[in-house]
Amino acid sequence: MMEPRRVRLGDVIDDYCPRCRLIMNHGVVGMVGAYVRKVRCNTCLSEHLYRRGKVPARRRNETS
């Protein structure tokens, strides 16, 4: 069985975009060794640290 190909600069991966607030396609723009560090959203073009597709916890309603 073949092992999966490693991620490289320019590859497209899924990650959570804080501006779009959705899991979207991102291009890899920064790596440290074999680890992805920075990505760019292909929809809104914002750059941010790679979040590994984790959606943040929902905020509590402050008015209650």
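The legends below go through a predicted model view by view, from the whole chain to single side chains.

In this predicted model, local features need pLDDT of at least 70 and side-chain atom pairs count only at pLDDT 80 or more, while totals for chains, interfaces and linings use all residues. Residues are numbered from 1 along each chain as its sequence is written, and side-chain values use heavy atoms, with hydrogens and water left out.

View 1. The C-alpha trace spans about 55 × 30 × 20 Å along its principal axes. The radius of gyration of the chain is 14 Å, whereas a compact globule of 64 residues would have a value near 11 Å; this radius is taken over C-alpha atoms, and the globule rule is 2.2 Å times the number of residues to the power 0.38. Of the 64 residues, 23% count as buried, where buried means under 20% relative accessible area, exposed means over 50%, and partly exposed lies in between (1.4 Å probe, protein chains only). Among contacts between residues at least 6 apart in sequence, 30% join residues at least 24 apart, a contact being heavy atoms within 4.5 Å.

**View 2. The strands make an open sheet in the order β1-β2-β3-β4, with antiparallel pairing.** The strands β1 (12–17) and β4 (47–49) stand at the edges with a single partner strand each, so one side of each is left without a neighbour in the sheet. From one strand to the next, the twist averages 50°; axes here are lines fitted to C-alpha atoms, for helices over the stretch in contact, and angles run from 0 to 180 degrees between N-to-C directions. Two strands pair if DSSP finds at least two bridges between them. Strands of a sheet pair through backbone hydrogen bonds, either parallel or antiparallel.

**View 3. The hairpin of β1 and β2 has 4 residues between its strands.** Strand β2 covers residues 22–32 and pairs with β1 in the antiparallel sense over 6 bridges. Across this pairing, Tyr-16 stands opposite Ile-23 in β2, and Asp-14 has Asn-25 of β2 as its bridge partner. Arg-21, in this hairpin, takes a positive phi near 60°.

**View 4. The hairpin of β2 and β3 has 2 residues between its strands.** Strand β3 (residues 35–41) runs antiparallel to β2, and 6 bridges join the two. Val-32 stands opposite Tyr-35 in β3, while Gly-33 in the turn has a positive phi of about 65°.

**View 5. The hairpin of β3 and β4 has 5 residues between its strands.** These strands pair in the antiparallel sense over 3 bridges, and one of the pairs across them is Val-39 with its bridge partner His-48 in β4. Within this hairpin, Leu-45 takes a positive phi near 65°.

**View 6. Cysteines are shown in a structure that holds 0 disulfides.** A disulfide is a pair of cysteine sulfur atoms within 2.5 Å. Cys-17 is in no disulfide, and the nearest cysteine sulfur, that of Cys-44, is 3.7 Å away. Cys-20 is likewise in no disulfide, with the sulfur of Cys-44 as its nearest cysteine sulfur at 3.7 Å. Cys-17 counts as buried because its relative accessibility is 0%, whereas Cys-20, with a relative accessible area of 23%, is partly exposed.

View 7. A salt bridge is a side-chain nitrogen of Lys or Arg within 4 Å of a carboxyl oxygen of Asp or Glu. In one of them, Asp-11 and Arg-5 meet at 3.2 Å, N to O; Asp-11 is buried, with a relative accessible area of 15%, but Arg-5 is exposed, with 56%. Glu-47 meets Lys-38 at 3.9 Å, N to O, and the side chain of Glu-47 also meets that of Arg-40 at 2.4 Å, N to O. Partly exposed residues here are Glu-47, at 38% relative accessibility, Lys-38, at 36%, and Arg-40, at 34%. Through shared partners, the salt bridges join Lys-38, Arg-40 and Glu-47 into one network.
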